[in-house]
Amino acid sequence: MAEASPRARLVVVLFLAFGIAAVQGLAVLPWVIGLALAVVLACGHWWLVLRRMRGPAALALGLVLVLPLIAGETVLAQLGPIALRLEGVQAAALIAGRLLAIVAITLALLAPLPPFQLVAGLRGLRVPALMTDLALLTLRYLDEVSADLRRAHLARQLRGGRSGWHALPDHARLLASSLIRAQARSERLWAAMRLRGYDTGLALPVAPLQVHDWVAITGAALLGCGVIWLDRVL
Amino acid sequence: MHLPDGIVPVEMALAGYACSAGLVALALHRIKTLPDPQAEIPRVAMLTTVFFAASLIAVPVPPASVHLMLAGLMGVMLGWFAIPAIMVGLFLQAMLFGHGGITALGLNGVIFGLPALGAFGIWRLIGGRWPDVGAFLAGSGAVLAALALFAGIVLAGLPAVIDAGAERIALQLLLIAHLPLALAEGVIVMTLLRVLRRVEPRLVPHG
């Protein structure tokens, strides 16, 4: 899997993610979690996956805490007015399991890729050139524009800017000045792109799929279908 | 307000992809009719970068702080380009920051894309005559429309075991929690477009 091209990785993620999203029963959930763990361990970079999973993990925790209290009829345990319900526990486990498994697989396969290769992979999947060019230029300038905006917000605070609702017009003016600078920069950028002979898109040329790419894609398709089949029979 | 993976059934996620693909195809078709669509790419990309960066910064809106959605502003400033720009932004947010998800990408495209187009329509309709009203409606209306779409999709996708009363309470809480954001975006879009109309009117088409 480590040698698979970005295009193949995107297809693999789609097959596995939609296979897992189709799971309806709890019986297949341990298999799904096992599959996600196997993909994460096989790809390496598990620390990167763990670091980026904090948000989805918090959401899953929220679901696990809330759904058992508001969903279902069968009471498992009761403490005063608060009742823990079986159907809610089942729904929470299913949704949280699917969420964490899909996010873990997506991050394990795609997060280690440089973003520019990811965009090249999208171009290889026939995503329109206009969209991949937008993605490339956005990625190219994101850090710079974010840093500029943060600096402007910090400067506003240091000047003793207003707070609360009264600060909204100030935020709007900061955003307006960023947009004006972006417009000026885009004109220079377009002139440079024309000088370089911009014609059919900026994305890197896409290499044809290799044998190991086809193996990975076929394996993912079989695994995705296998998860759905297991879900129906168990 | 991103829909995460695994919440809604797979049929809804696939339908979301189909709707988003339709929206993108329609937008690209309209973009191709422009005189020189390629020349617009750097401008759209730079503006998208600013929207993306601005949505990552928390703006204090009492009693908490919020991340701006800016779908309405994108619709007003980018027109049909807002749809591909939003899809690109959602894909990058899912990959770089874990917001949203790969299976929910289509539904999130609908949740943010339709309100952006609605804001574009409002601005074209009344932006020329009553710019402040048009800007406020485009900004806050887009948040409310996105919220309605998000709530509708989540409620339709959640398991049937959750009773209707709990769903109604959750919907009301969601609405109340996002009203300050809708107001804040309305004020920000109105002020911002007022500045741009005065300083750089080229950035505000149809105004």
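Read along its sequence, chain B follows the pattern α-α-β-β-α-α-α-α-α. This amounts to seven helices and two strands. The model is a predicted one.

**Overall form of chain B**

- Chain B has a radius of gyration of 17 Å, close to the 17 Å that the globule rule gives for 207 residues, so it is as compact as a globular protein of that length.
- Taken along the principal axes, the box filled by the C-alpha atoms of chain B is roughly 55 × 40 × 30 Å.
- Of the 207 residues in chain B, 55% are buried.
- When contacts in chain B between residues at least 6 apart in sequence are considered, 74% join residues at least 24 apart.

**Helix packing within chain B**

- Two packed helices are described by the angle between their axes and the distance between the axes.
- Helix α1 (residues 10-32) and helix α5 (residues 105-126) of chain B have axes that come within 6 Å and cross at roughly 50°.
- The crossing in which α1(B) passes α5(B) is left-handed.
- On the α1(B) side, the residues that meet α5(B) are B:Met12, B:Ala13, B:Gly16, B:Tyr17, B:Cys19, B:Ser20 and B:Leu23. Their partners in α5(B) are B:Gly106, B:Leu107, B:Gly109, B:Val110 and B:Gly113.
- By class, this contact of α1(B) with α5(B) has seven nonpolar, five polar and no charged residues.

**Two residues with positive phi**

- Most residues other than glycine have a negative phi.
- A:Arg126, which is not a glycine, has a positive phi of about 70°. A:Arg126 is found in the loop between α6 (115-124) and α7 (129-158) of chain A.
- With 8 other C-beta atoms within 10 Å, A:Arg126 is exposed, as the limit for an exposed residue is 12 or fewer.
- B:Leu70 also has a positive phi, near 65°, in a residue other than glycine. The place of B:Leu70 is in the loop between β2 (64-67) and α3 (71-78) of chain B.
- B:Leu70 is buried, with 26 other C-beta atoms within 10 Å, where 20 or more are required.

**Contact between chains A and B**

- In the contact between the chains, 61 residues of chain A touch 50 residues of chain B.
- On the side of chain A that touches chain B, the elements giving two or more residues are α1 (6-21), α4 (54-70), α5 (86-110), α7 and α8 (168-195) of chain A. The most is given by α8(A), with 17 residues.
- By class, that side of chain A has 41 nonpolar, 13 polar and seven charged residues.

**Helix packing across the two chains**

- The axes of α7(A) and helix α2 (residues 37-56) of chain B come within 7 Å and cross at roughly 50°.
- α7(A) and α2(B) are therefore oblique to each other, and α7(A) passes α2(B) in a right-handed crossing.
- Residues of α7(A) that make the contact include A:Leu130, A:Asp133, A:Leu134, A:Leu137 and A:Tyr141. Those of α2(B) include B:Ile41, B:Pro42, B:Val44, B:Phe52 and B:Leu56.
- By class, the contact of α7(A) with α2(B) has 17 nonpolar, four polar and one charged residues.

Definitions and conventions:
Residues are numbered from 1 along each chain as its sequence is written. Chains are lettered from A and ligands numbered from 1 in the order in which they are written. This is a predicted model: local features need pLDDT of at least 70, side-chain atom pairs count only at pLDDT 80 or more; totals for chains, interfaces and linings use all residues. Helices (H or I, at least four residues) and strands (E, at least two) are DSSP runs, numbered from the N terminus. The radius of gyration is taken over C-alpha atoms; the globule rule is 2.2 Å times the number of residues to the power 0.38. Two residues are in contact if their C-beta atoms, placed from the backbone, lie within 7 Å. Axes are lines fitted to C-alpha atoms, for helices over the stretch in contact, and angles run from 0 to 180 degrees between N-to-C directions. A crossing is left-handed if the near helix is turned anticlockwise from the far one by less than a right angle, and right-handed if clockwise. Ala, Val, Leu, Ile, Met, Phe, Trp, Tyr, Cys and Pro count as nonpolar, Asp, Glu, Lys and Arg as charged, and the others, Gly among them, as polar. Angles under 35 degrees count as roughly parallel, over 145 as roughly antiparallel, 65 to 115 as roughly perpendicular and the rest as oblique.
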